[in-house]
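The sequence and the model are shown first, and the description follows.

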Amino acid sequence: MTERRIIVIGAGLSGLSAGVYARLGGYPCLIVEQYSGPGGVASCWKRGEYLIDGGIHFFMGHRPQDASSVLFRELLGGDMGDRVAEMRIYGRYVDENKGRRVDVTRDLDRLARDLKGYAGEDLDLINLIIEGARRLRRLDLSRVALYLPPELSPPLARLGEMWAMRRAWRSFSGAYGRSMSDFARACFDPWLSRFLANLFLPDVPVWFVCFLLALLADGGLGYLKNGSLDFVRSIEKRFLELGGDVAYNAPVESILVENGRASGVRLEDGRILRSGAVISAADGRETLFRLLGGRYLDKAAVERYSSWKLAPAGLTVSFGLRRELADEVPLTTISLMHPISFNGSKVQDLSLRIFNYSPAFAPKGRCVLQAWAEADFDSWQRLRDGDPSGYESEKKRAAEEILKRLEKHYPGISGQVELADVVTPATVRRITRNHRGASMAWMPTPRFFKTPLRRTLKGVSDFALAGQWVAGSGVVPCLLSGKHAVEILHRSGLKPSGG
Ligand SMILES: Cc1cc2nc3c(=O)[nH]c(=O)nc-3n(C[C@H](O)[C@H](O)[C@H](O)COP(=O)(O)OP(=O)(O)OC[C@H]3O[C@@H](n4cnc5c(N)ncnc54)[C@H](O)[C@@H]3O)c2cc1C
């Protein structure tokens, strides 16, 4: 059995997906996960009566008409059912300095009107964004996420994909291919510049934001009603029902390579687990530099790991409130008049998630409000390692500072807090091993989208990479990366049971 078994490292979305596809392909499969449960960065935890969700916010690509929905059906063994609540408002943007407020709704005309009302000198830039989004409407953009990795692409595969998208070409090139922050620098109005940069991460290409706006307008975005972990557990359940095995609290220390082929893993407790092939769906750096000892790096990987920008690390503070916040927008970004400082970071923008779209997160009359702010990994890790009590008090102080700022927007909130849960970049590192607490892996820059990342390594066969460090952050790319890793092994000649 072991010569056909696939060992998957990591029980995040990508590793679980690899596990299900391994079983569907007839391979015995064991997933080994260093943490005590599944999910990786897509996780939830219970605090008293509150469910705190540390992961997925926007869900996409799941509607029956989306090309990517086949993934969900295969991974869940059925359709999505009523797991997803429809998103009507993408977000609310509040600027304390200017006293401005814009809601990004499904109505693109309204968004154009609101932005022009505030920043009339920037008509051309506003029109460009709105037109870009309009052109992308009713196009199945989940196909973009379905791009095959280089190992599975016939030479002309992309031509067919590009032809299918020809109506939208103009929305991917020229100004649309620049980063949003670069594009926003051309605004006359500094408020508009900041608004555009904050619509998603500032380094994403303009087309990515147009794509989100188009998807929103078409009703293609939603929220997971029961939170990230419920979705993760459904995939884990499917894996177990298909006969897969999973071991938690089983950190891998190294990947065994014998005669040029991956033949198993050594766990940190010294146990050796043999297999016919290994898929690593763990952090990319952990896999390449630690588990494989840096022996199979090509020039491109060295360059990537030494110079590519990481997605930002953050401080996440979740408040369990004796209050409903029923009429609030589930995603609100506040540009603060006076920045908050904590542990090496000066925070200008607070991003708020308000879990008011489902009763799963809090009992009636209560709600979870979660604030996120960019944070410095080194300062938090140093504090945690060197001064544990200072670390705890800085977490407490950061939560108090944030709460003070929220009082202006949600009067009375300070007296309604029943709990505050604080996650630092050091927590993310500890629980998921993502490098420098970059829970969304690489910054999704224009360069990132233009660079197809290989899932195999020269010099080691029966091995494939999956996960957000090769596929990019996001549910669909990660789930697909698990499927692709199994396909790569299958095509390279790994025989399933009875095969
Ligand atoms: C706050 C947040 C919000 C997000 N929101 C959205 C969203 O709205 N929409 C969307 O589509 N995507 C979203 N994402 C992105 C998406 O959730 C992630 O890209 C995806 O969950 C990553 O899954 P993964 O399995 O590739 O990686 P991970 O979740 O990092 O899983 C890797 C796993 O490997 C394990 N591991 C690491 N090293 C070892 C080892 N040595 N031995 C054993 N196990 C190991 C880790 O413990 C972990 O469980 C969000 C992410 C975050 C952090």
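## Domains, sheets and the ligand shell

The C-alpha centres of domain 2 and domain 3 are 29 Å apart. The chain is divided into domain 1 (6-66 + 227-309 + 442-491), domain 2 (104-219) and domain 3 (314-435), with bounds that come from an automatic or database domain assignment. This is a predicted model, in which local features need pLDDT of at least 70 and side-chain atom pairs count only at pLDDT 80 or more, while totals for chains, interfaces and linings use all residues. Residues are numbered from 1 along each chain as its sequence is written.

**The parallel sheet**

Helices (H or I, at least four residues) and strands (E, at least two) are DSSP runs, numbered from the N terminus. Two strands count as paired if DSSP finds at least two bridges between them. Axes here are lines fitted to C-alpha atoms, for helices over the stretch in contact, and angles run from 0 to 180 degrees between N-to-C directions.

Strand β14 (residues 277-280) pairs with β1 (residues 6-9) in parallel through 4 bridges. In this pairing Ile-6 is opposite Ala-277, and Ile-7 is opposite Val-278. Contact means that the C-beta atoms of two residues, placed from the backbone, lie within 7 Å. β14 also pairs with β20 (residues 463-465), again in the parallel sense, over 3 bridges. Ser-280 has Leu-465 of β20 as its bridge partner.

In a regular strand the side chains alternate between the two faces of the sheet. Both faces of β14 are covered: Ala-277 and Ile-279 on one side, and Val-278 and Ser-280 on the other, are all buried. A residue is buried if 20 or more other C-beta atoms lie within 10 Å of its own, exposed if 12 or fewer, and partly exposed in between, with C-beta atoms placed from the backbone.

**The mixed sheet**

Another open sheet has 7 strands in the order β8-β7-β16-β17-β18-β15-β19, with mixed pairing. Its edges are β8 (100-105) and β19 (417-423), each with a single partner strand, so one side of each is left without a neighbour in the sheet. The twist averages 25° from one strand to the next. β7 (residues 89-95) and β8 run antiparallel and are joined by 6 bridges, and Tyr-93 has Val-102 in β8 as its bridge partner. Helix α8 (residues 190-198) packs on this sheet, touching β7, β8, β16 (331-342) and β17, and its direction makes about 145° with that of β7.

Gln-348 is found in strand β17 (residues 345-354). Not counting residues up to four places away in sequence, Gln-348 touches Ser-335, Leu-336 and Pro-339. Gln-348 and Leu-75 are 273 residues apart in sequence and 40 Å apart in space, C-alpha to C-alpha.

Asn-259 lies in the loop between β11 (252-258) and β12 (261-267). Asn-259 has a positive phi of about 50° although it is not a glycine. Leu-325 is in the loop between β15 (314-321) and β16, and this residue, also not a glycine, has a positive phi of about 50°.

| Residue | Other C-beta atoms within 10 Å | Class |
|---|---|---|
| Gln-348 | 16 C-beta atoms | partly exposed |
| Asn-259 | 6 C-beta atoms | exposed |
| Leu-325 | 20 C-beta atoms | buried |

**Around the ligand**

Which residues come nearest to the ligand? Of the 35 residues around the ligand, these are Gly-10, Gly-12, Gly-40, Ala-282 and Gly-467. A residue is near a molecule if its C-beta atom, placed from the backbone, lies within 6 Å of it.

The shell divides into 16 nonpolar, 15 polar and 4 charged residues. Ala, Val, Leu, Ile, Met, Phe, Trp, Tyr, Cys and Pro count as nonpolar, Asp, Glu, Lys and Arg as charged, and the others, Gly among them, as polar. Domain 1 and domain 3 each supply at least three residues of the shell. Helices α1 (13-24) and α18 (475-491) each supply at least two, and α1 gives the most, with 3 residues.
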